[in-house]
Structure formats: C-alpha cells, structure tokens
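Student: Can we walk through this one together? I'd like to start with the sheets and then get to the helices.

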Amino acid sequence: MVKKRVAIIGGGSSGLCSIKCCLDEGLEPVCFESSEDIGGLWRFKENPEENRASIYKSVIINTSKEMMCFSDYPIPDDYPNYMPNSRIMEYFRQYAKHFDLLKYIHFRTKVCSATRRPDFASTGQWDVVVETDGKQESSVFDAIMVCSGHHTTAHMPLDTFPGIEKFQGRYFHSRDYKDPNEFTGKRAIVVGIGNSGGDLAVEISHTAEQVFLSTRRGAWIMNRVGDKGYPGDVVFSTRFNLLFKQFLLPYIVNNWVENRLNERFNHSHYGLKPQHRFFSQHPTINDELPNRIISGKVQVKPNIKELTERAAIFEDGSKEEDIDFIVFATGYSFSFPFLGSALPVTNNQVSLYKNVFPPHLEKPTLAIIGLVQPLGAIMPISEMQARWASRVFKGLETLPSESEMLSDITAKKAAMEKRYVRSPRHTIQVDYIEYMDELASQIGVKPNIRSLFLTNPRLAWEVFMGPCTPFQYRLQGPGKWAGAKEAVLTQEERIIKPLRTRPTDNCAGGGSLSFMFKMAGVAMAVFAVVCTFF
C-alpha cells in the first residue's frame, strides 16, 4: 500500500514532533523549513529575519523541563529545570537525532502556496508549491500540517499612540531586541506587561538609567520558583488542583490564587494589580520584576496617552522627560497567506475544531499544529495535536459532522469571551490539562486513573497528585511507550538533580512531593473522589 505523503510546514518544535508522529503512523512526512536549521522560535540569530520568530540571546523559557518535553523523550536529568534557549536547542537536536528526523527536512525551502486540487472533495489532496534557491517546484500531497507558529508577525499598534510620528527617540518591537548594552545610561519605556514585556523591563533595567513599564490593565505575576523551590508549573499543573478548581465557584478559586500571589508582594502597592481576576487573563511569569520595582530601577506606569519629541504623557497625567527608547512588547498577529481561502484569519481569530482542523473542508487533510496560547508548555500540546492529526490522516480516527464541529467551536468561543478580557492574545487561549485531556480522549490515551489506582497505586498517586507531565499520555493506548511509567515515577529525581550541585543532608521537614502524595488520610479521600468522577 502506498504511504500517504504529508507536507509539514516549519521545522521548529511543532514540526519536529509532527514528523515523528507521521512516522509512527506509517505516513511519509516531507518537512519544509525556510531557514537553514531547526528550532524555530528558540534558535537565536543576531539579526531578525522578516516573517520569522526572533528571540534575544539571554531568553530563558518559563515552563520547566518536565512539563515541556516530548512525551516519549525526557529531557536529560542534569539539564536545568528552566532552560536557556541554547539548552532547548540542544534538546531539539538530541530529539531529532534519536528519532532520525533530519533526513525528512528540506532546509532553505519556502512554501509559496498550498491549494486544494480539483478533485479535493474525493481525494483530499493538495498542490504544494515550494521555492528553493529561487527555483519553484510543485508536488502533490495527501495532507498538510502547518507548524509555522504564531510569533512571526509583530503587532505594533502605533495608531493608538498619538505623537509617535514626532518622537525623536528610537522605538521598535520586542522581537528586534537582542541585548541591553545599547540602553546603558538611557531612559526607556517598555510597553506591555506580558512575559516578553516583563522580561525586557527587568533585563534593560540592569544597564539603563531608568525603565518605565507601561501597562493598560496590569497583570498578576507568577514565579518560576514555586512552593518549596519546586518549579512553579510542577506545583500548579496537577490533576488534583484541576479537580479542586472544578469543585469550587470561580470567585473562590480566584480569591485563593490572588491571595497566594499577594502574599509574596502586594500587587496593588507595586502598581501591578489588574481589574480582572486571575483566570481572566494569561498571567505573567517573572521572579525578578518585583525586585527591580522595589529597588526603583523599574517604575510601573499606566498606558501612554501621548508622546512628544522626547517625553511620554501617561493616562494618569504624569509625564516622563528625556525618553531615549520605547520597546513595544505588544504581541504578534498570525496569518497563513500560503493557504489562501482555505483558512481565513480575521483579527487573530480563526475557526478550527479543537484548535486543529478547519471544519468546512470536505476532507480533514489540513491540520494546524501549535496555534494555541496555553498557561503551560506548548511542545507537548503540539505533539498531542500531531498524534491526533496523523491518525485522522491515516483514517484511524474520524471527525464529527461540520455542524457538530461548528457548534463546538461556537461554544468554546463564547466561553472564552465570557472568561477572558478582550485581547488578541486570548483568541487561541487554552488550559493545559483540560485541553491535553480533550485531545487525548480523541485517540484513547487519556490516563485511566481509576484503573491505575486498582493496578498500580503508586503510579496513580503520581499521575493524580503530581505534575501532569507529558509522560502520562504514553501510559496506554496508541503510541504507548514502555518507558512512560518509569519516567513518571522518576520525574522528581530529574527535578532535584540539577539543583543539588553541592552535597547536603535533607532539611528536616523538607516535605518532598512523594511524601506529600502518600499521606494516608488524603489518599482515601482522593481515591473516593477519583472513583466517583473519572
């Protein structure tokens, strides 16, 4: 039987796992990467390239290694929990080498267009035109996986900043920032308090005379370092916490989280407190920002009302003179021009069934991989999307009718609009565990916790009470990995190893995760809940 050919557009993290998932299902992947290397967003380049993601040299990821790895390939235990981009690239190269993925990638090859063939209604096939060294070539593919990401086109709404045309300092988008040296002794404004805005305000403040962080709405600030020094996402992203959240009214959960965050520092005193509740906006992860604010190196300001030649006037009437730089950390917009009418995008809104499949196509042979904004790591989500998509392409899974898919899309959009403040970044927002479980259910790989409690209580504890790491989705079903059980049971060891670089005795009452999980009283209560609701 002839293998179905799948065009994979992009060789970043989503593209790599998509190649691997296609191979797992016996498909023939052909990946097109417009640059000369893998890595996508996480590959640092001194000079940003047009329509490509770009990062600065010192960037460190804000999801920990146990939560961000691919589900059947753990990150080495001696790697730091929060990795700089150079270590992330090392991991991607190891993954590509281990599964022999590079031979499927055509580098320096740009996809010009992907159009449905005349017989698409019966075959689902696509004509894909690519360009390499100025020469174009057309090929037929049975399916397409778009893995080009959503951090490519800078969103810089200059029309909302009156006076920008007469500002005599320098202004640019955060994607063009590379290092803080040019800010030495200068006065700078960073516009936007997302993760990029917070990180840049902190880094620039180490060399600048003064940094002003301008925000319209404020933000709730989370730590990378969580309780007892464990990675914050390891503590936060557990099935037990999810059940806790689902049982209580939203305002109770919001109050609890916000009180916890205010115990570290009072967000109102620091000028950061937003009007929205915690779960109504993507939070900002930054351990250093409050330290820079309390030392005066960063001052939080409201939105800019007007700019003059060298000054900024803010909405509260305050004015700051002698401004040398404005950095717009105002996010990104996304589009898929090579797909033409097959996937229209309006104001960062796109109609996709479970954020993957366009519902209107006669055949489900187009999948968008990685077009999500999770509170958590995107790599395992992209992998889960690719696992599902490759099985749909193979004919092993089917999608519901167009009307059912549209109903699901409409319901999710309504829920999102009700929960989140209006913002371009919230059009593709998902909750990590809920979304992973939703996709996992499509292919039968969601962990069966009741069964685990009956057959392997220790493993069940780790799955339910511990961090919801990607390995959980390799314990059963299609793509089951023999090493998944061991990976789950040893995840705490991999968390601690890179921290304990000096031999010490365990602190009295240190309370490891495993100890907490095994408390007999809680064990019975949780077991009863699990048997009832799972």
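This is a predicted model: local features need pLDDT of at least 70, side-chain atom pairs count only at pLDDT 80 or more; totals for chains, interfaces and linings use all residues.

Student: Okay. In the open sheet of five strands, what is the order?

Tutor: The order is β3-β2-β1-β7-β20. The pairing is parallel.

Student: Which ones are the edge strands?

Tutor: β3 (105–106) and β20 (366–368). Each of them pairs on one side only.

Student: What holds strands together in general?

Tutor: Strands of a sheet pair through backbone hydrogen bonds, either parallel or antiparallel.

Student: How many bridges join β1 to β2?

Tutor: Five. β1 covers residues 5–9 and β2 covers residues 28–32, and the two run parallel.

Student: And what stands opposite A7?

Tutor: V30, which is in β2.

Student: Which strands does α1 lie across?

Tutor: β1, β2, β3 and β7 (143–146). Against β1, helix α1 runs at about 170°.

Student: What about α10, which strands does that one lie across?

Tutor: α10 lies across β1, β7 and β20. The angle to β7 is about 170°.

Student: Let's stay with helices. How do you describe two packed ones?

Tutor: By the angle between their axes and the distance between the axes.

Student: So what are the values for α1 and α3?

Tutor: The angle is about 15°, and the axes are 11 Å apart. Helix α1 spans residues 13–24, and helix α3 spans residues 85–98.

Student: Why call them roughly parallel?

Tutor: Angles under 35 degrees count as roughly parallel. At about 15°, α1 and α3 are therefore roughly parallel to each other.

Student: Is the crossing left-handed or right-handed?

Tutor: The crossing of α1 and α3 is left-handed.

Student: Which residues make the contact?

Tutor: From α1 come S13, L16, C17 and K20. From α3 come F92, Y95 and A96.

Student: How do those divide, nonpolar, polar and charged?

Tutor: For α1 with α3, five are nonpolar, one is polar and one is charged.

Student: Now α10 and α12. What are the angle and the distance there?

Tutor: Their axes cross at roughly 20° and come within 9 Å. Helix α10 is residues 379–394, and helix α12 is residues 432–443. The pair is therefore roughly parallel too. α10 passes α12 in a left-handed crossing.

Student: Which residues meet?

Tutor: In α10, they are P380, I381, M384, Q385, R387, W388 and R391. In α12, they are Y432, Y435, M436, L439, A440, Q442 and I443. This contact divides into 10 nonpolar, two polar and two charged residues.

Student: New topic. What is the order in the open sheet of three strands?

Tutor: β15-β16-β17, with antiparallel pairing. The edge strands are β15 (304–307) and β17 (319–320).

Student: What joins β15 to β16?

Tutor: A hairpin, through four residues. Three bridges also join β15 to β16 (residues 312–314).

Student: Where do D127 and R117 lie?

Tutor: D127 lies in strand β5 (residues 126–132). R117 lies in the loop between β4 (109–116) and α4 (120–123). So the pair ties together parts that are 10 residues apart in sequence.

Key: Residues are numbered from 1 along each chain as its sequence is written. Side-chain values use heavy atoms; hydrogens and water are left out. Axes are lines fitted to C-alpha atoms, for helices over the stretch in contact, and angles run from 0 to 180 degrees between N-to-C directions. Angles under 35 degrees count as roughly parallel, over 145 as roughly antiparallel, 65 to 115 as roughly perpendicular and the rest as oblique. A crossing is left-handed if the near helix is turned anticlockwise from the far one by less than a right angle, and right-handed if clockwise. Contact means heavy atoms within 4.5 Å. Ala, Val, Leu, Ile, Met, Phe, Trp, Tyr, Cys and Pro count as nonpolar, Asp, Glu, Lys and Arg as charged, and the others, Gly among them, as polar. Two strands pair if DSSP finds at least two bridges between them.
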